[in-house]
Structure formats: structure tokens, C-alpha cells
Amino acid sequence: MAEIKEYYAKSPREDGSRETVGEHCRKVSKLAAVYGSEFGQGDEAALCGLFHDFGKYSKDFQDVLNGTKTGVDHAVCGGTVLTLLSKLIGRKNISPVYQAAIEAVNAHHSSLKPYYELKGYINDNFKNEDPVVCNDGKASALSGKDKYEKALHAFVLDFPKWKSHFKKFSFILEDKNKTVEYYVKKMMYTRMLFSCLVDADYTVSSEKEPEVLELKPEVILNNLNTYMENLRKTSDSDSELNDIRNKLFEACGTAGENRGSGLFTLTAPTGTGKTLALLNFALHHCIKNKKKRIILALPFLSLTEQTAAAYSSIVPDILQDHSQSSLDEAAREHAAKWDAPFIITTSVKFYEALFADKPTDCRKLHNIANSVIIFDEAQSLPSHLTRATIYAVKELCEHYGRTIVFSTATQPKFDTIENVEWKLTEIMPDNAFMFKALKRTDVKWSVDKPTALEDVAEDAAKSNNSCIIVNLRAHARKTYEAIKELSGREGTYFLTTDLCPDHRSDIIAEIKERQKAGLCCRVVSTQCIEAGVDLDFETLFRALAPLEAVIQAAGRCNRNGKLKSGEVTVFEPEEEGRLYPDDWYGTGAGRVKVLLSRSQKNELDINDPSVTENYYELLFEKQNDSKKLTDAIMGTDYKATEKEYKLINNKGFKALVPYKKQMAFYEELRSEPLEDGIDAAWLKKAAPITVNTFENLENSGYPVEYLYYREKGHKGKTSSDVYILNTGAESQYTDSMGLQFQSQNSKNYFF
């Protein structure tokens with residue numbers, strides 16, 4: 001066998017030149033060290049970069065580059081040699097820090113696996129001459145002692161001072177009891193090293209000079225102050241409200257002067273200018289503490305667009321990173337690695353990245369170090385995720401230089417959860433006066449006995465400007481039909497996720513115009529109206545729900561304070577079957593009933609912050625995460641953790657719909673995937689006219705056609721959850737109620 005004189009990392013460039021393994025690893029190690037140094041782990045990140053492509057010092061991998069071999073995995077070889085070298089320098093047991101480096105290196109082209117799972121084939125890989133089957137069913141590029149010694153010799157020629165990388169590691173993972181919190185920290189540490197490695201590897205491999213975007217907080221703060229001066233001059237709000245807004249704005253600026261990182265809350269009612277006040281906090285904090293980035297995470301897509309619009313004249317170059325953002329090539333790269341100075345994203349995207357296991361999902365994590373992160377409208381998390389999420393957020397602040405703010409009118413009391421230590425600084429501790437001063441509604445609690453939806457519709461029809469919010473789409477359909485029969489189609493609206501996003505936006509715009517003109521307006525909706533929708537009703541009916549949902553709904557009643565007091569009625573629907581979208585939602589509603597039963601007048605004052613505190617204390621009593629998630633974390637099972645940590649239940653189906661105002665767009669999208677299937681880019685493009693439905697479309701007999709998913713790099717077609725209405729079945733999507741399948745097992749249109 002001919003001696004290999006030079007080991008290459010990549011195929012030849014267009015000009016014929018080639019990058020060697022040594023050159024590539026040196027660049028990746030150097031850049032990974034820069035990334036890791038942001039949170040004090042530069043040496044560890046450098047180590048990962050240095051050894052990540054160790055398996056390319058092999059004939060098998062060089063044959064892959066030459067096109068004579070396939071199915072070869074080089075990543076496991078880096079993990080193997082790190083294990084061997086750790087033992088050679090006298091470490092009897094592989095420390096958690098070294099385990100993290102091994103896990104990160106092994107996963108840089110696949111997904112994270114725990115060290116105990118790797119240990120078996122790492123040992124076999126070194127001892128056996130035959131290649132071991134490892135990541136994604138591929139064979140190890142190196143196998144047996146002789147090949148590893150030869151590869152190590154080549155490595156030492158490239159890196160004669162490699163031993164210096166083993167001298168110091170500052171991160172310590174110690175917990176004698178090995179609690180859930182310990183394992184959240186342990187896995188977070190691995191993901192951070194992993195993030196540094198994969199981002200450095202991708203960046204170096206692209207051979208493009210990365211665009212460096214810097215946050216300029218002093219400039220933005222000057223823009224903000226100018227904007228606020230103009231806003232105060234032109235505001236037509238009453239003096240009391242303006243005074244409250246000014247106090248909140250100033251309090252946020254003062255709190256931003258706190259030195260160091262930490263956890264903050266901002267508890268203030270709707271309408272007090274939290275959006276701009278939070279920006280004031282973040283900018284002052286960045287200036288004081290030299291923070292590099294501001295990240296704003298919001299629970300709903302509608303809020304991301306609304307907030308970006310509010311900031312657009314103040315903050316230059318906002319990066320919106322969410323499922324419906326349209327980005328050019330440069331912006332997509334910044335979104336992939338979150339290195340933009342000001343980012344608006346969704347809570348789902350942010351939180352789920354903290355528990356992810358794949359390179360593309362974890363790549364951005366290191367860039368949230370040394371940042372200010374704001375969770376606006378930060379109501380309670382799903383019960384099965386709460387404890388793990390809190391541990392992760394605490395870890396971000398304690399070891400990775402983040403400052404985090406939870407902002408909401410209904411501040412969850414996470415410190416009431418057993419074994420959760422949750423110490424925060426409230427930006428506006430004397431906040432009760434705001435809730436009292438801005439009381440705009442009177443709430444009638446009518447939950448002593450169930451009420452028929454038809455009766456609620458009849459009461460709503462008596463008002464010229466009313467809204468009914470229910471918990472389920474089926475309830476909304478029934479209520480809408482009832483109120484339409486009483487009031488007629490004119491001025492009566494249906495707002496649920498049966499309508500595609502573009503359709504909902506157009507209806508909301510129409511409702512606003514009618515309200516502005518003083519015309520009759522009656523709306524039936526689900527929870528989709530409760531946040532980020534600036535509508536103002538005189539009378540509002542809310543089906544019993546968790547307290548935070550009731551308070552959000554009440555924010556749509558007498559929103560602009562034109563009345564002495566708006567009327568809100570909370571009722572329990574008289575319906576068979578389930579009343580709530582999930583168990584957690586039902587639990588929250590049940591806790592509201594318990595609080596009502598304990599009150600003297602069977603009433604709750606939603607403008608009293610102490611009521612919210614009592615609610616959360618009751619809600620979190622004896623509350624635990626899901627057993628599957630806890631078991632996955634305790635077992636450092638990255639794949640299972642990623643699977644179990646989902647903020648939104650994605651079960652169900654997607655349907656591309658023929659919304660009349662977007663028919664040309666619909667026809668264009670419809671024609672694209674019928675031959676070759678769909679991909680992620682198509683899904684993002686189609687999102688404005690896509691409906692998420694929990695109807696079982698598979699083998700349903702509905703007039704729909706199944707679309708295959710075409711994944712990049714995969715031959716053939718794979719399964720998806722996406723459907724499209726058949727030609728001739730466009731009437732299944734209506735102008736008034738969106739997607740309404742008219743009959744099940746209707747074979748007339750089915751392909």
C-alpha cells in the first residue's frame with residue numbers, strides 16, 4: 001500500500017488547490033476557541049476543533065474524497081483518540097468535561113450521543129482491525145491500534161505542540177446527588193462546546209469571510225430617546241396613563257444599569273408601554289456590561305411581526321428568525337448562527353434549541369452567550385417542561401453570561417415549584433398601582449353552572465361590539481353559526497386557526513376598520529385573538545380558561561379606555577366531551593375554579609397581582625415535568641430529550657388552502673410539489689396560506705392529496721404531514737370560516 005504523503009480535508013477547489021487536514025483543523029480550532037472564550041471555555045472548544053477531523057488522517061477517508069469509497073465516518077475517530085489521549089496523561093476516569101468534548105466531536109456530522117453509549121464502540125474501534133459500524137450506520141475511518149498510531153504520527157507532524165491543549169480546563173461539573181438540574185447543566189455544557197465546534201467547522205468550510213455585525217447600543221439608545229420625545233408630544237392618551245408609561249420606561253433604564261448578568265422580571269399590565277421600556281432596559285444593560293447582542297423571544301408569530309414593526313424606526317437591521325420569515329442568503333447565514341446584534345424570534349425556537357441534539361439546531365447556542373434575552377408575554381410554560389426549562393435558563397445566567405428578563409402582566413411564580421431555586425430582580429417592584437389605575441373592565445364569573453353556547457351567542461348579539469372567545473375550534477364553529485343566525489352575516493366574524501394566517505390578518509384589519517367607524521362588529525374566536533391583536537370590544541365573553549388566558553382576553557375589552565368600564569363574562573360551556581385543548585390547559589382552568597370557591601364573594605380581581613400569585617402557587621403545587629423528559633435528561637439521552645422537549649404539540653396535519661385573495665399564489669405553490677415533492681423552503685413559502693388542522697386527513701376520504709417530503713441529500717421521497725385540496729374541491733375552504741370539510745368519507749374528489 002502506497003504511503004500517503006498528504007492528507008486532505010476537502011475535495012479540490014475550482015482552481016485545483018486543496019486544504020489539508022492540518023490546515024483545516026488549525027483554523028477550526030482557532031475559531032472555536034474564539035467562540036468558547038465568550039463563556040470562559042476557549043481551551044475546551046479549541047481541543048474539539050483540533051481533533052474533530054482526526055479520522056481524515058486515514059486512507060479510507062482519502063478514498064472517499066477520491067470517489068472510490070462511501071459510507072465512511074471520520075467523526076468517531078476524533079472521539080476515540082480523545083479518549084485514548086485522556087488515559088495516556090493519567091486520567092483513570094474520563095471526566096465530564098472530556099466526555100463533553102468526545103460527545104461534541106463524535107456528533108459534528110450527526111447528532112449528540114451520551115459518552116456511555118459511545119464508549120463501547122470507541123473501545124472496539126481501537127482494538128479491532130475491522131471497521132466498527134457507528135454514526136448513521138457508517139464504518140469508522142480508522143480501526144485498530146496500528147492505524148491509530150499512524151494517524152497520530154501524521155497529526156503530531158502537523159501539531160508538534162498538541163499536548164499544551166490538555167493543560168487546563170476551568171469548567172467544573174460537581175453534584176454528589178446527580179439531580180435533574182445537574183444533568184441539565186451537564187448536557188448544556190456539551191451543547192455549548194458542540195455549538196462552538198460546528199459553527200467554526202461550517203464557517204471555515206464555507207471559505208467565506210464572515211460578515212461581522214456589531215451592536216451599537218449608544219446609537220440605538222439615542223434613537224429610542226428621540227422616538228420617545230416625539231411620542232410624548234403626539235400622544236392623545238390621558239395624563240395618568242402617560243405618567244405610568246414614563247415611570248415604567250425610566251425604571252427599566254435604571255434597572256439596566258445593574259452590573260453583571262442575572263435574572264429579571266418586569267410585571268406590568270397591558271398598555272403600559274412594555275415593548276419600548278424593555279428596549280430601554282436592554283440598551284442600558286448592554287452599555288453598562290458590554291453585552292454583544294439583544295434577543296427578543298415572543299410566544300406568537302403575530303407578535304414577532306408587530307414588535308419588529310414597533311422597533312423598525314429605532315433599531316437598524318433587525319433579524320427576524322422564525323418559521324415565516326423571508327430572508328436573503330446573507331440573513332439566512334446570520335439566522336443559522338445567531339450572530340446578528342438584534343434578533344427577534346419565537347419562544348419555541350429559542351427554548352427548543354437549548355434541548356436540541358443536531359448540529360444545525362445547536363450551532364447558534366454559543367452566540368447567545370454575553371447577550372440580553374427578553375421573553376415578552378412570558379406566561380407559564382407547559383407543565384411537562386417547566387422544571388427543565390427553569391434549570392436551563394438559570395444555567396444560561398450563571399455560567400454563560402446571559403441576562404434574562406421575563407416580562408408579562410401575569411408573572412409565573414416558578415419559585416413555588418418544589419426543588420426550584422428561582423431568584424429574580426423585579427424591575428418595577430411597586431407595580432400594584434399600575435394595575436389598579438389601569439383597570440378597564442368588570443369581570444362577572446358565571447361558572448357556577450354550565451352555559452349553552454347558544455345562550456352566550458344570544459347575549460353577545462345584544463351588543464353592537466362584542467367578542468366570544470372559546471377554547472376549541474369545534475365550540476367556535478357552533479357559536480359562530482348561532483350568532484350568525486341571530487345577527488346575520490354582516491359584521492359577524494369567525495377567527496380561528498381554521499383560517500390561514502393571511503386570511504386572519506385580513507379579517508382582523510376589516511374588524512379594526514369597522515370598529516373605527518363605529519359599525520356593528522361581533523366576533524367569535526379561539527385563543528388566537530388573545531395576544532398581539534389590537535382589537536377593542538365593549539363586551540367580551542370568555543370560556544373558562546387558565547387565569548393568564550382570562551387576563552389576556554380581558555385585555556381586548558375596553559382596551560382603549562373609551563368606556564367607564566367594559567363588561568367581561570367568564571362562563572363554562574355546556575358541551576359534551578372535552579372542554580380544553582390539553583390537560584395542562586384544563587388544569588389551569590380548574591385552579592381558577594378552586595380560587596373562586598375560596599374567595600368570599602365567588603369573585604376574582606384580575607387586576608390584583610396577589611390573585612395571580614395565588615393562582616400560580618396553586619398551579620405549581622406538586623408539579624413535575626413529564627416522566628419521559630425527566631428520564632431522558634437523567635440518562636443524558638440527547639435524542640430522547642430533543643424528542644420529549646416540545647413546547648407545541650405538533651401532532652396533526654397541514655393543508656395548503658385556496659384563500660381567494662391569494663389564488664395566484666396558491667396555484668403557483670400547488671403546481672410545484674406534485675411531481676417532486678416538497679422541502680423546507682416550500683413549507684416556509686407556503687406558511688401564509690397553510691392551515692394546521694387536527695382533522696385526521698390520512699385515509700380520511702376528504703378531497704385532499706398527500707404531498708411527499710423531499711429532503712436535501714436524500715434520494716426519493718419521504719413521508720410528510722402535508723396535504724393539498726384536490727382540483728374541484730376549493731369550496732372546502734370558505735370565505736367566512738376557512739377550512740371546513742363538509743363531509744367525511746366523500747370519495748368524489750379523492751385521488
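Thr 479 lies in helix 19. In this predicted model, the relative accessibility of Thr 479 is 0%, so the residue counts as buried. Beyond neighbours within four places in sequence, Thr 479 is in contact with Leu 453, Ala 457, Ile 468, Val 470 and Val 524. Two of these partners, Leu 453 and Ala 457, belong to helix 18 and are themselves buried.

Helix 18 spans residues 453-461. Its buried residues are Leu 453, Val 456, Ala 457, Ala 460 and Ala 461. Helix 18 lies across the five strands 10, 11, 13, 14 and 15. Its direction runs at about 160° to strand 11.

These strands belong to an open sheet of six, with parallel pairing and the order 10-15-14-11-13-12. Strand 10 and strand 12 (492-495) stand at the edges. Each has a single partner strand, so one side of each is left without a neighbour in the sheet. On average, neighbouring strands of this sheet are turned by 15° against each other, direction ignored. Strand 14 and strand 15 run parallel and are joined by five bridges. Arg 542 stands opposite Val 570 of strand 15. Helix 22 (residues 583-598) also packs on the sheet. It touches strand 10, strand 14 and strand 15, and its direction makes about 105° with that of strand 10.

A further open sheet has seven strands in the order 5-6-4-7-8-3-9, again with parallel pairing. Strand 5 (319-321) and strand 9 (425-426) form its edges. Each of these has one partner strand, so one of its sides has no neighbour in the sheet. Helix 11 (residues 274-289) packs on this sheet. The helix touches strand 3, strand 4 (293-298), strand 6 (342-346), strand 7 (371-376) and strand 8 (403-408). Its direction makes about 165° with that of strand 7.

Strand 3 (residues 263-267) pairs with strand 9 in the parallel sense over two bridges. Within this pairing, Phe 264 stands opposite Thr 425, and Thr 265 stands opposite Glu 426. Strand 3 also pairs with strand 8, in the parallel sense and over five bridges. There, the bridge partner of Phe 264 is Val 405. Strand 3 is mostly covered, with five of its five residues buried. In a regular strand, side chains alternate between the two faces of the sheet. Leu 263, Thr 265 and Thr 267 point one way from strand 3, whereas Phe 264 and Leu 266 point the other way. The residues pointing in either direction are all buried.

Leaving aside neighbours within four places in sequence, Asp 136 is in contact with His 109 and Ser 110. The C-alpha atoms of Asp 136 and Val 72 are separated by 9.8 Å, although the two residues are 64 apart along the chain.

Over the whole protein, the secondary structure comes to 28 helices and 21 strands. The radius of gyration is 28 Å, close to the 27 Å given by the globule rule for 751 residues, so the protein is as compact as a globular protein of that length. Along the principal axes, the C-alpha atoms fill a box of roughly 90 × 65 × 50 Å. Buried residues make up 55% of the 751 residues. Of the contacts between residues at least 6 apart in sequence, 75% join residues at least 24 apart.

The mean pLDDT of the protein is 87, and 90% of its residues reach 70 or more. Over residues 164-170, the pLDDT is below 50. This stretch has 19 contacts in the model beyond near neighbours in sequence. Residues 743-751 also stay under 50. For them the model has 18 contacts beyond four places in sequence. Where pLDDT is low, the predicted coordinates should not be read in detail.

Methods: Residues numbered from 1 in each chain as written. Predicted model: local features only at pLDDT ≥ 70, side-chain atom pairs only at ≥ 80, totals over all residues. Heavy atoms only, no water. Buried < 20%, exposed > 50% of the residue type's maximum accessible area, 1.4 Å probe, protein only. Helix = DSSP H or I, 4+ residues; strand = E, 2+ residues; numbered from the N terminus. Contact = heavy atoms within 4.5 Å. pLDDT = per-residue confidence, 0-100. Pairing = 2+ DSSP bridges. Axes fitted to C-alpha atoms, helices over the stretch in contact; angles between N-to-C directions. Rg over C-alpha atoms; globule rule 2.2 N^0.38 Å.
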